[in-house]
Amino acid sequence: MSAPVRKYITYNDVHKMCQASAPQILEDFQPNLLIAIGGGGYVPARILRSFLKKTGSPNIPIQAIGLSLYETLETAPGSPEEVPGTKVTRTQWLDFTSLSNTNLLGKNILIVDEVDDTRTTLQYAVQELVKDVMEQAVKAGKPELAKETKFGIFVLHNKDKQKNGVLPEEMFTEKRYIAAETIGDEWCCYPWEAIDIDEHDRLAAEARAAAKQ
Ligand code: 5GP
């Protein structure tokens with residue numbers, strides 16, 4: 001099996017991708033809650049929040065859910081690529097008993113992850129959160145409120161490939177699916193996974209220089 005093409009992404013890249021995407025997110029969706037999918041969605045969600053903040057308004061709250069699809073199975077010693085598992089495992093979910101921030105009803109909720117690869121994880125997240133919204137609406141005695149809750153998605157990278165997961169069509173038609181970059185089927189090496197960040201940045205700079213030639 002040949003090694004996939006690797007794309008090295010620096011912290012600066014992530015920061016600038018969030019910055020560049022924020023105006024479109026504000027224009028098309030205006031989220032009032034971010035749900036980061038851990039662990040890859042945490043850093044982008046936090047950076048994005050800074051660019052979504054409007055002067056005089058409070059910060060948009062960030063909640064976290066933990067989902068795991070990939071199993072660490074190295075393709076070669078020391079290589080960063082992982083192979084997908086078949087089942088999404090919940091490692092963390094929202095706590096509806098405590099904070100008012102976890103009241104999802106009537107909100108525009110932006111789900112943030114680092115990469116949309118097979119789409120399995122995003123499909124699972126949306127399906128489960130939609131179920132939670134229905135339950136909350138029924139509990140509140142206002143099932144009609146479920147329809148007023150909208151989900152959007154922000155990812156740093158969307159891989160342009162055959163997807164296993166499916167997302168509601170309106171997410172695309174209503175521009176609630178936003179990818180900072182659409183790429184081929186490459187393996188993205190994110191800075192927070194790097195063991196040697198200087199070497200990681202060097203490889204990113206080398207690739208950038210080669211692309212300019
Ligand atoms: P999906 O469910 O879309 O196949 O995969 C989602 C998860 O797989 C991501 O949140 C991420 O953890 C992992 N993943 C998929 N492709 C990549 C990649 O190119 N680089 C890294 N670092 N993780 C990936």
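## Ligand contacts

A backbone N or O atom of Cys-188 lies 2.7 Å from a nitrogen atom of the ligand. The model is predicted: local features need pLDDT of at least 70, side-chain atom pairs count only at pLDDT 80 or more, and totals for chains, interfaces and linings use all residues. Residues are numbered from 1 along each chain as its sequence is written, and side-chain values use heavy atoms, without hydrogens and water.

Glu-193 places a polar side-chain atom 2.8 Å from a nitrogen atom of the ligand. Arg-119 has a backbone N or O atom 3.0 Å from a ligand oxygen atom. In total, 17 residues surround the ligand (a heavy atom within 4 Å). The closest are Thr-118, Thr-121, Lys-159, Cys-188 and Glu-193.

## Helix packing

Two packed helices are described by the angle between their axes and the distance between the axes. Here, the axes of helix 1 (residues 11-28) and helix 2 (residues 42-52) come within 8 Å and cross at roughly 50°. Helix 1 is therefore oblique to helix 2. Oblique covers what is left after roughly parallel (under 35 degrees), roughly antiparallel (over 145) and roughly perpendicular (65 to 115). The crossing is right-handed.

Helix 1 contributes Val-14, His-15, Cys-18, Gln-19, Ala-22, Ile-25 and Leu-26. They meet Pro-44, Ile-47, Leu-48, Phe-51 and Leu-52 of helix 2; contact means heavy atoms within 4.5 Å. The contact residues divide into 10 nonpolar, two polar and no charged.

## Backbone geometry

Most residues other than glycine have a negative phi, and most peptide bonds are trans. Gln-30 has a positive phi, near 50°. Gln-30 is in the loop between helix 1 and strand 2.

The peptide bond from Gly-38 to Gly-39 is cis, with omega near -5°. Gly-39 belongs to the loop between strand 2 (33-38) and helix 2.

Notes
Axes fitted to C-alpha atoms, helices over the stretch in contact; angles between N-to-C directions. Helix = DSSP H or I, 4+ residues; strand = E, 2+ residues; numbered from the N terminus. Left-handed = near helix turned anticlockwise from the far one by under 90°. Nonpolar A, V, L, I, M, F, W, Y, C, P; charged D, E, K, R; others polar. Polar contact = N/O pair within 3.5 Å; in protein donor to acceptor, adjacent residues only side chain to side chain.
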